Amino acid sequence: MRKGSIVAYDLTRHDWRSFRLDRLTNPHSAGTRFRPRSLPTDDAAEFVRAATGVPSGHTVHALVHASAEHVRRAVGQWGTIEPVDDHSCRLTMVSTSLDWPTQALGNIGADFEVLSPPEFTDHLRDWGARFLRAAQRPVADTGYPEDTARGVTAMRVARQTATHTDF
């Protein structure tokens, strides 16, 4: 649920404040006029984000080489999908972190092109490099039987033995 805010100058505190509209009870006009003041930021939304500590969002635009229907199934309500043709669409996602669009695009399972922002390409390169490094390392032997083919066989034997000897 999205909560609206009102930004106002507090004459008692001599400072700007933001007030959540859902917390106002019985709002009414005080009947007094006020002197217009310039906001301390470019716009009211920026002031509220700064005052509440909410990080500003990233808007990611990508051209996905998959049908809009396929992308919609993978991304759901978390993105805006605009069909380009039967086999591609534009995906727009807004997130406070670039991690979420990275995961969502990976989950789609299709090639894509980053349209913006440029820092998203850098983010993908970082993730990609980490995944490639992990894929190039041999699988670690953790000592758990299920980590090796021999271990899977050992577990089957152990399960069969346990089944026959438990009673």
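Buried means under 20% relative accessible area, exposed over 50%, and partly exposed in between (1.4 Å probe, protein chains only). This is a predicted model, where local features need pLDDT of at least 70, side-chain atom pairs count only at pLDDT 80 or more, and totals for chains, interfaces and linings use all residues. Residues are numbered from 1 along each chain as its sequence is written, and side-chain values use heavy atoms, with hydrogens and water left out.

**Exercise 1.** Find out whether D10 is buried or exposed, and what its side chain reaches.

*Solution.* Start with the place: D10 sits in strand 1. Strands (E, at least two residues) and helices (H or I, at least four) are DSSP runs, numbered from the N terminus. Next, the accessibility: D10 counts as buried because its relative accessibility is 13%. Now follow the side chain, which reaches the backbone nitrogen of T12 at 2.8 Å. Last, leaving out residues up to four places away in sequence, D10 touches D15 and R17; contact here means heavy atoms within 4.5 Å.

**Exercise 2.** Work out the order of the four strands in the open sheet, and which helices pack on it.

*Solution.* First the order: it's 4-5-3-6, with antiparallel pairing. Two strands pair if DSSP finds at least two bridges between them. At the edges you'll find strand 4 (80–85) and strand 6, each pairing on one side only. Then zoom in on strand 3 and strand 5, which pair over seven bridges. Helix 2 packs on the sheet and touches strand 3, strand 4 and strand 5, with its direction at about 25° to that of strand 5. Helix 3 packs on the sheet too, touching strand 3, strand 5 and strand 6, at about 150° to strand 5. For these angles, axes are lines fitted to C-alpha atoms, for helices over the stretch in contact, and angles run from 0 to 180 degrees between N-to-C directions.

**Exercise 3.** Say which residues have the most contacts inside the largest nonpolar core.

*Solution.* Such a core is a set of buried Ala, Val, Leu, Ile, Met, Phe, Trp, Tyr and Cys residues joined through side-chain atoms within 4.5 Å. The largest has 17 residues, and V64, V71, V75, L91, L105 and I108 have the most contacts inside it. Strand 3, helix 2, strand 5 and helix 3 each supply at least two of its residues.

Technical notes: A polar contact is a pair of N or O atoms within 3.5 Å; within protein, one must be able to donate a hydrogen and the other to accept it, and residues adjacent in sequence count only if both atoms are side-chain atoms.
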